[in-house]
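Trainee: I would like to learn how to read a sheet and the helices around it. Where do we begin?

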Amino acid sequence: YIMRKKFTSVAMVLCLSLVFGACGNKPQTDNPTTNQSNTVKDAQQYKLDVLRPTAYSSVEGLNLEPGSCISIIGRYAGDSFWKEVEAGAKKAVEDMNTLLGYKGNDKIKLTYSAPEVRDDINEQVSLLDEELDRYPSAVAIATIDATACSIQFDLATENNIPIITFDSGNDYQHIAAHVSTDNLEAAKTAAAKLAHSIEEKGEVAVFVQDSVSTTAKQRLQGFTDVIAANFPEISVVNVYYMDQLESMATTIVEEKNASITDEEDKIKPESISQEDVVEYILEQHPNLKGVYTTNLDTTQLVVEVLDDMDKEDLKIVGFDGGKEQIELLEDGIVEGLVVQNHIGMGYAAVVAAARVSLGLANESFVNTGYTWVTKENLKQEEIKSMLY
C-alpha cells in the first residue's frame, strides 16, 4: 500500500408538498442586489418553515431577560455542515434581539463553539466546562458520544442550567429537548433508494461515521431494518466505523508483514492511511453492488477511494448536501443524498434553549426535516433551498 495524503474534508422524506405550499413566486425587481438578498432570505425562511412543531420556526413570545446568554456547542468547527448550523443559531438570536428591541449590552448573546478536530470528545467536554462556567441561560450541545458528559450535565442540573441536545442525542435522563433530523426515517429512505438502484439484489457495505453517537446508531439501524424486512435478496456484507479504521490498519499491517522476513521492509502502522484501509475493505468484497455512507466525510472518503481504484460501477447513497456532494451528484458518481436542514437545526436549538430557560414547555423531539436529493431533482427551486 502506498501512503496517500489523508483525506480530511470528508418521519419519512419530508412532505415536500407541505414545503412547496410555503413558497410563492418571488416579486420581480430591477435591483439585482435586492433580488439576491431576497433569494437568500427566502431560502432561509424555507428551512424554518419545515420545522415541526412549527413553534420552533419562530422566536415570538421568547422574552428573555436583557443580556441573557445561550451557549451552543457543535461537534466540529471545520466544515460547511456545522457552519450552516452556526448560521441558523445566530439567526435565531438576531431575530430575538430585533423582536425585543435589545441593543448594546442588552442584546441576547450567543456563544457558539465546537472542537477544532472532528469528533474530539475531550475537547468538546472542555468546551462544555467553559460554557458552564459562564452560567448561561441554557446550553445546547451536539454530543459526540451518547454516553459522555454526565458529570457536566449533573453540574448543570445542580445549577439550574437546562441542557438541550441537537443533531446527536445523549443518554442523560434530564435532557429538556432533542432537536434533529429523524435519522431512523431518513436512513430508511436511503435503504429503499439504494435497494431499488441495485434492482433489489446483491451485496452492500455500510460505512458509518462513528460507533458511539446516537445519530450514527440510528442511521445504521434504520438502514439495516429496512433491508432485512423488505429486501431478502440484498445482503449487508459488513458495517465499518470510521473511528475503528485505525485498529483495522493494525490488522492490515500484521497481515502484510506476515510474509515479509526482512525487518527493514516491514510496513509500519502509521504508513497506512484511512484511504488505504477503505481500499483494503473494498478489495475484500469484489461483488459489491452498493455502498451506504452516513455522513459527509464518509461519503467523500469512499468516493475518493473508488475513484483511485477506477471502480465506477457501485451505487452510492449518503447523507448531507455540501458543495462537494452536489458535484458528485451532478457527475453521476453518487446515486442520491439525504440532505438535512442545518439552518433549521441551529435555529430550533436556540428556540428550544430559550423556551426551557423561560420555563415554557418543550417537545421532547423537534423534527428539523430532510429531503431526498438526486441528479434529476437537483435543479428544482425547493430542493436547491435545502442545499448549502
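Trainee: How many bridges join strand E8 to strand E9, and do the two run parallel or antiparallel?

Mentor: Keep in mind that this is a predicted model. Strands E8 (residues 288-293) and E9 (residues 315-319) run parallel and are joined by three bridges. Within this pair, Tyr292 stands opposite Val317 in E9.

Trainee: What is the order of the strands in the open sheet?

Mentor: The six strands come in the order E7-E6-E8-E9-E10-E12, and the pairing is mixed. Strands E7 (234-241) and E12 (370-373) are at the edges with a single partner strand each, so one side of each has no neighbour in the sheet. From one strand to the next, the twist averages 15°.

Trainee: How does E12 pair with strand E10?

Mentor: E10 (residues 336-340) and E12 pair in the antiparallel sense, over four bridges. Here Val339 stands opposite Thr371 in E12.

Trainee: Which residues of E12 are buried on each side?

Mentor: Take the two faces in turn. Tyr370 and Trp372 are buried on one side, and Thr371 and Val373 are buried on the other, so both faces of E12 are covered.

Trainee: Which strands does helix H10 touch?

Mentor: Helix H10 (residues 296-308) packs on the sheet and touches E6 (202-208), E8 and E9. The direction of H10 makes about 155° with that of E9.

Trainee: At what angle do helices H9 and H10 pack?

Mentor: H9 (residues 274-283) packs against H10 at about 70°, with the axes 9 Å apart. That makes the two helices roughly perpendicular. Among the residues that meet are Val278 and Leu282 in H9 and Leu301 and Val305 in H10. By class, this contact has six nonpolar, one polar and three charged residues.

Key
Residues numbered from 1 in each chain as written. Predicted model: local features only at pLDDT ≥ 70, side-chain atom pairs only at ≥ 80, totals over all residues. Heavy atoms only, no water. Pairing = 2+ DSSP bridges. Axes fitted to C-alpha atoms, helices over the stretch in contact; angles between N-to-C directions. Contact = heavy atoms within 4.5 Å. Buried < 20%, exposed > 50% of the residue type's maximum accessible area, 1.4 Å probe, protein only. Parallel < 35°, antiparallel > 145°, perpendicular 65-115°, else oblique. Nonpolar A, V, L, I, M, F, W, Y, C, P; charged D, E, K, R; others polar.
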